[in-house]
Amino acid sequence: MGIRIDQLDYDGNNTKFLESVIEKLGKKNSRNILYRASEQESLERILKHGTDRGGFSGKKSWGYSELLSKELLHEDVIFATTEAEIRYGEQNLEFQTSLKKFSLIERPLLLVYDSSYFIKVKEKQYAFKNPKTKHESLIAVFTVTKLKTSPEKNLYVVTGAHDCGKTATLEFLRGVYGYNIQKEAASLALDDLGSKKLGHDPCMPLKKIYGKRHICPVCTPLKFAKLALKKQKELEKLASEGSLLERGYVDIIEFYTRHNKTKDLKHDKFADYANVFLLEVMPSLQEPKWGKSKQERTEEARRINDRLLKMYTAEGFNVSFIPAGSVEERAKRIHERISKNL
Ligand SMILES: [Zn+2]
């Protein structure tokens, strides 16, 4: 049976791409599969040898496998990930998967192997049970066409729960690296509300205020979310190329859905953010507020960050995790990722 060669478009959304692969393979056939990223330049070699590691002169050693109690050849082992690992990787930034490699390959290929032909020798590394039948293990090859997804302009989001260091980091990026910064839409919306938002004491637990004129994120969540989204849209329209936004529209939805069961807050299309930087919670920056201790505020912030990661990822954005550190270190990390287009 010949190897099936097919083509698929790729817009940078790995989950969506995975679904389209599974659809092409057929649900039944998509079980027990290993996915491997490769390059279109290697297609001929792959079709001839069953792997992009085959057909080279000389014997390169992979190393000794404790499991198989023998020395393995480099060409007899592949790096690959399963469907479950690819899905896990979309929720966990540090976990590498085959699909995440596409961003580094100009003209990618996706190799689809039948896992029953392999023995797992190491995390994400699989040895061919019978190196002579490599061809048979290769079910399909997809040539991957990367779509130009660059939006009209590149906008970056810097986000994270309360007191994560967003403002200080952004100010540093503006002052030292010269970025244009956009203030948080929700806080601009609060500014616009003037006296309408007043009445809450930050030292006390939040209590709802029932007044006709009173509008705030807690007492009138839907009304406020709509105002904030409108603001977000305006500022994204006005923001210049390469601007950094303090929070994006997903933050507004996160806040709105945090305490309300309501899932869908209807919104039009927002900017296709070039990257979303999520700042890790630093307990040292947290302060007691709304009747909650420093410890409680820290734990709450961590839960919010988990939600932000999930929600931005689900919207198809690339989320870059910015670990705890000094303002300079974090700003430098963000600047490097932007300038290297990571
Ligand atoms: Zn209120």
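**Exercise 1. Find how much area domain 1 and domain 2 bury between them, and what kinds of residue domain 1 brings.**

Step 1. In this predicted model, domain 1 and domain 2 bury about 490 Å² between them, where buried area is the accessible area (1.4 Å probe) that two parts lose on being put together, summed over both. Of this, 61% is on carbon and sulfur atoms.

Step 2. On the side of domain 1 that touches domain 2, one residue is nonpolar, two are polar and two are charged (Ala, Val, Leu, Ile, Met, Phe, Trp, Tyr, Cys and Pro count as nonpolar, Asp, Glu, Lys and Arg as charged, the others, Gly among them, as polar).

Step 3. Now look for salt bridges (a side-chain nitrogen of Lys or Arg within 4 Å of a carboxyl oxygen of Asp or Glu): the count between the two domains is zero.

**Exercise 2. Describe how the zinc ion is held.**

Step 1. List the donors (N, O and S atoms within 2.8 Å of the metal, or 3.2 Å for Na, K and Ca; water is not among the atoms, so sites may look incomplete). They are His 200 (NE2), His 214 (NE2), Cys 216 (SG) and Cys 219 (SG), at 2.0 to 2.2 Å.

Step 2. Read their spacing in sequence: H-x13-H-x1-C-x2-C.

Step 3. Check the geometry: the four donor atoms subtend angles of 107 to 112°, so the arrangement is tetrahedral (all angles between 85 and 135 degrees).

**Notes.** Residues are numbered from 1 along each chain as its sequence is written. Local features need pLDDT of at least 70, side-chain atom pairs count only at pLDDT 80 or more, totals for chains, interfaces and linings use all residues, and side-chain values use heavy atoms, with hydrogens and water left out.

Conventions: Four donors count as tetrahedral if all angles lie between 85 and 135 degrees; four count as square planar and six as octahedral if opposite donors are over 155 degrees apart and all others between 65 and 115; anything else is irregular.
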